[in-house]
Amino acid sequence: MITIITFGTFDLFHYGHLRILERASDLGDKLIVGVSSDMLNFAKKGRRPICNEHERMKIISALKCVNEVFLEESLELKEEYIKKYRADILVMGDDWKGKFDCFNKICDIVYLERTPSISTTEIIEMIKT
Ligand code: C2G
C-alpha cells in the first residue's frame, strides 16, 4: 500500500487543482490531502480565501481520487503530518520545486508540472475586470 500526501489551498476549485490531485492519486493507492486553513492563508498571503476552510475541505473530500482530508494549520508541521499519515510520497506542483526536498529522508518527493494558464488569482482578476 503506497500512501501519497499533498497540500494546498484549493480556493475557487479549478481544473488545475483536479489534475494535480488525479495525477498524485495515480502514483499510489491512497491520497491524503492537507487543505490549508483560513488562518494559514491569511498569514501567508495577507487575505482570507474566497471559500472558507470548511467549504474547501468538503469539495476536496467529495472527489473520487481523494481518500482522506485534514486541515493544514501550519507550514512548519509538514514533517509531523507526513509521519502521522505514514505517507510514502509527498506530491506538490512544480511551483514548489526544491522547497520540500528537506523531507527526503522520511518520504519520496515528487513535483508535478503545474497545469498552464489557470490559477485562482487569474480567475479572481478575470471576474473583477
Ligand atoms: N496547481 C497546479 N496547476 C495550477 C494551479 C495549481 O498544478 N494551474 C497545484 C499547485 O502546484 C499545488 C496545488 O495545485 O500543488 C494547490 O495549489 P494552491 O491552492 O495554489 O495551493 P498553495 O496555496 O500553493 O498551498 O503547504 C503548502 C500550501 O498549503 C500549498
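Analyst: Here are some questions about this chain, each settled with a definition and a value. This is a predicted model, in which local features need pLDDT of at least 70 and side-chain atom pairs count only at pLDDT 80 or more, while totals for chains, interfaces and linings use all residues. Residues are numbered from 1 along each chain as its sequence is written, and side-chain values use heavy atoms, with hydrogens and water left out.

User: How do you know how many helices and strands the chain has?

Analyst: Helices (H or I, at least four residues) and strands (E, at least two) are DSSP runs, numbered from the N terminus. By that rule there are five helices and five strands. Their order from the N terminus is β-α-β-α-α-β-α-β-β-α.

User: What makes the radius of gyration of the chain agree with that of a compact globule?

Analyst: The radius is taken over C-alpha atoms, and the globule rule is 2.2 Å times the number of residues to the power 0.38. For 129 residues a compact globule would come out near 14 Å, and the chain has 14 Å, so the two agree. Along the principal axes, the C-alpha atoms fill a box of roughly 45 × 30 × 25 Å.

User: Why is Leu 18 called partly exposed?

Analyst: Buried means under 20% relative accessible area, exposed over 50%, and partly exposed in between (1.4 Å probe, protein chains only). Leu 18 has 24%, so it is partly exposed. You'll find Leu 18 in helix H1. Across the whole chain, 46% of the 129 residues count as buried.

User: What does Leu 18 touch, leaving out residues up to four places away in sequence?

Analyst: A contact means heavy atoms within 4.5 Å. With those close positions left out, Leu 18 touches Phe 13 and Leu 63.

User: What makes a set of residues a nonpolar core?

Analyst: The residues must be buried Ala, Val, Leu, Ile, Met, Phe, Trp, Tyr or Cys, joined through side-chain atoms within 4.5 Å. The largest such core here has 16 residues, and Leu 21, Leu 31, Val 33, Ile 60 and Val 66 have the most contacts inside it. Helix H1 (15–26), strand E2 (30–36) and strand E4 (89–93) each give two or more residues to this core. Apart from it lies another core of 14 residues, including Tyr 81 and Met 92.

User: Which residues does Leu 21 contact beyond its neighbours within four places in sequence?

Analyst: Among them are Phe 10, Leu 31, Val 33, Ile 60 and Val 66.
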